[in-house]
Amino acid sequence: MPMTLAEKIVARASGRQQVRPGEIVTCSVDLAMCHDSSGPRRYGPRLKELGASVWDPTRVVVVSDHFVPAVDAESARILKLTRDWVAENKISHFYDMEGICHIKLAEGGHLKPGMFVCGGDSHSTNGGAFGCYMAGYGATEMTGVMVTGEIWVKVPETIRVNITGDFGPAVSAKDIMLHLCATLGMDNHFRVVEYGGPTVRSMSMRERMVLTNMAAELGAETGIIEGDEITAGWLREMGAEVPADVLDWKGDDDAGYLAQHQLDIQSLPPQVAAPHSPENSSAVENHTGTLVDQCYIGACTGAKLSDLHMVAKVLKGHKVAKGTRLLVAPSSTAAMRDAAADGTLQIITEAGAIMLPSGCGACAGLGAGILAAGETCISSTNRNFQGRMGSGDSSVYLASPYTVAASAITGRIADPREYV
Amino acid sequence: MIASARVWKFGNGLNTDVLAPGLYFKLPAEEAVVHCLESVRPEFVKEVRQGDVFVAGDDLGIGSSREQAPQNLKMLGISAIIARSFARIFYRNALNIGLPALVCAEADQIEDGDKLSIDPVAGSITNETKGQTYQCDPIPEHLMEMIADGGLMPHLKKKIAAGQK
Ligand code: SF4
C-alpha cells in the first residue's frame, strides 16, 4: 500500500513494512531534544526516582533558551541545574545561551530526512522542515523517551497543502501560515500537515521552517516537507554530514491523504492575526492604524537571519516612531553574528531598535520585553493567546517581520508594502 | 475487558478547563478533584461510581496540556473514555496515566445511562442497553500492558525493576 512521507518514517522507526493511520505503534527515537524549561528540571528528578540513566547520551540535544540569560535567582538556578545535569549525564550536544532550541537543532545540522525525532516543546513541529518526523511531547513522556529511547505513536492521517505562485512584495512564509490558521483552523489533531508544491520547493530552509513551526498552531501532530537539494545544501553549509539517502525520503505518488488543499499565494496580502488567537488572521488592511506600544521581532518563528533581513529591508532609511519601541531578539547568536557581518544589524540599530539576547525572551512571557496591562504589541512570534507575552490584560497582534518593522516606523499597524 | 459499565455522556468540545479548573490547581489532588465538571454537570462528581465510562463527542480534552484533566476522571473511578475524536495531548495523557481512551465514530449512538462492555484490544464496544455493537480503534496489547500497570511511570518502574531497561 502506498504511504505518505510521515507514514514511511513511522513505519521505518517502528520496524514495520507498513503502517496505517489510526494504528498505534512503538517507535525508536533517533534524536531527542529538550530545553531548560521542559527538560532536566522536570525529568531529572523522575530519572533519579526511577534509578534510570539516559538511554543514549549521544542522541540527546539540550538547549538552554527559555530562561536565558538569568534575570533572577530562580532562572539562574534552573540554568545551573541544566548545565550540571548535562555534565553529569555526559550529554553530547548542549547549547547554552546560544539561541532557541528549534533553531539550534537546525544550525547544528542535527535534523536529516527520514529521522524520527521527539522534542520536549510544542513547536518541535519546526524540525519537519528537514524531511524528518518531529513532534512535541510533555515532560512525563519525554522522561519515558530519555529512559527507553522509545515512544508510542498513533499513526496520524496526512493532509497535503500544495502551494503555488510567487510571493508578492513584503509577503513571507509567516503570512502563509497566518492565512492557513484562519482557513484550516486550529483543531487538526492527529494530522500531519505536509507542505509541497513549487512555492515550497523554491523556499529557503529558514522560510520552510516557518511553515512547519506553525503547524503547531494548526493543532497538528507535526508539519513535514520532503527533503531536496536545498535541504542537502543547508546540511553542507552547517558542516553536517549529508546522508546518502537525503533525497530518497519521499511520499508515494498515490499515497492516501485525508485532504488536499491548494493555496495560490500570488495575490496573498500581508496578514495580521488579531488578539487572542492566530485563527483571527486577515489582511493587514483590516488592522492598519491600530496603535502599538511595542513591536517585537523574536522567537523561533520570526527572528532568524532571513527575518532580520526582512526587518532591515523595511527599516532602511527610517526611524522607529516616538511612542513605540522596537525590540529585536535574534533567534541565535549565529544569526546575530551573521547580521552584524552583513550590515543588517547596523540598519536595524540605526533605526533605533533595541537589541535583546538570543533566546525565547518575551515570546513565552519569561524573558526581556514582556508587556504591561493595557499594552498592545505587534509581534513576529507564533502565538498570541491571552497573557502569553506578559500581563493577562495585554494584547498581541501576530504578523511577519516585514509588517512588524513597518509598524515600528509609524507606531501603528502598517502595511509593509509601502516600504519595500 | 470492561463489563456492564454505566455511561456518563457529554457533548462536543469538552475542554480541560472544565475537567480540571485552574482555580483549584493549588489544592491537593484529592480536594481539587471534586470541582471536576462542576460548571457543566455538578452531580457528576457525586454520582459517578468506580468502573463507570465517560463518553463524549468531538474534540474531547481541547485546551491545555494539564495531566489533571484525565487524572481527575481516573480518580473519580472512570474505567475508560470514549469519544468521536480527542485533542492530541489529552489523548496521550490519558493513556500515559493508565486510562484507556477509545476513538469511536459511533459514539453519538451512546446515551447517558447506557450499559457498555468494552474490549479495548479487540476494539469493540457492546451497548447492552441498546443491543448494538460499535467498532473503535483498538489499543494494542503492548500499550494495554502500560495502562494496566497504571501508566507510563509505574510501567517504567516495573520494567527497570525487572532489568528490562
Ligand atoms: S521562541 Fe517561543 S515558540 Fe519558540 S521555543 Fe521559545 S517559547 Fe517556544
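Mentor: Buried area is the accessible area that two parts lose on being put together, summed over both, and we shall apply that idea to a predicted model.

Trainee: What is the area buried between chain B and chain A?

Mentor: The contact draws 26 residues from chain A and 23 residues from chain B. Of the area that chain B buries against chain A, B:Arg88, B:Arg92 and B:Met153 supply 32%, more than any other three residues. Carbon and sulfur atoms give 61% of the area buried between the two chains, and that area is about 2,200 Å².

Trainee: Which residue of chain B forms a salt bridge with A:Lys154?

Mentor: Between chain B and chain A the count is 4 salt bridges, and there are also 10 residue pairs in polar contact. In the salt bridge of A:Lys154 the closest N and O atoms are 3.2 Å apart, and the partner is B:Asp137.

Trainee: Is A:Asp96 buried, partly exposed or exposed?

Mentor: A:Asp96 lies in strand β4 of chain A, which covers residues 93-96. Buried would require under 20% relative accessible area, and exposed over 50%. Because the relative accessible area of A:Asp96 is 21%, this residue is partly exposed.

Trainee: With which side chain does the side chain of A:Asp96 make a polar contact?

Mentor: Leaving aside residues up to four places away in sequence, A:Asp96 touches A:Ser64 and A:Arg83. The polar contact made by the side chain of A:Asp96 has a distance of 2.5 Å, and its partner is the side chain of A:Arg83.

Methods: Residues are numbered from 1 along each chain as its sequence is written. Chains are lettered from A and ligands numbered from 1 in the order in which they are written. This is a predicted model: local features need pLDDT of at least 70, side-chain atom pairs count only at pLDDT 80 or more; totals for chains, interfaces and linings use all residues. Side-chain values use heavy atoms; hydrogens and water are left out. Helices (H or I, at least four residues) and strands (E, at least two) are DSSP runs, numbered from the N terminus. Buried means under 20% relative accessible area, exposed over 50%, partly exposed in between (1.4 Å probe, protein chains only). Contact means heavy atoms within 4.5 Å. A polar contact is a pair of N or O atoms within 3.5 Å; within protein, one must be able to donate a hydrogen and the other to accept it, and residues adjacent in sequence count only if both atoms are side-chain atoms. Buried area is the accessible area (1.4 Å probe) that two parts lose on being put together, summed over both. A salt bridge is a side-chain nitrogen of Lys or Arg within 4 Å of a carboxyl oxygen of Asp or Glu.
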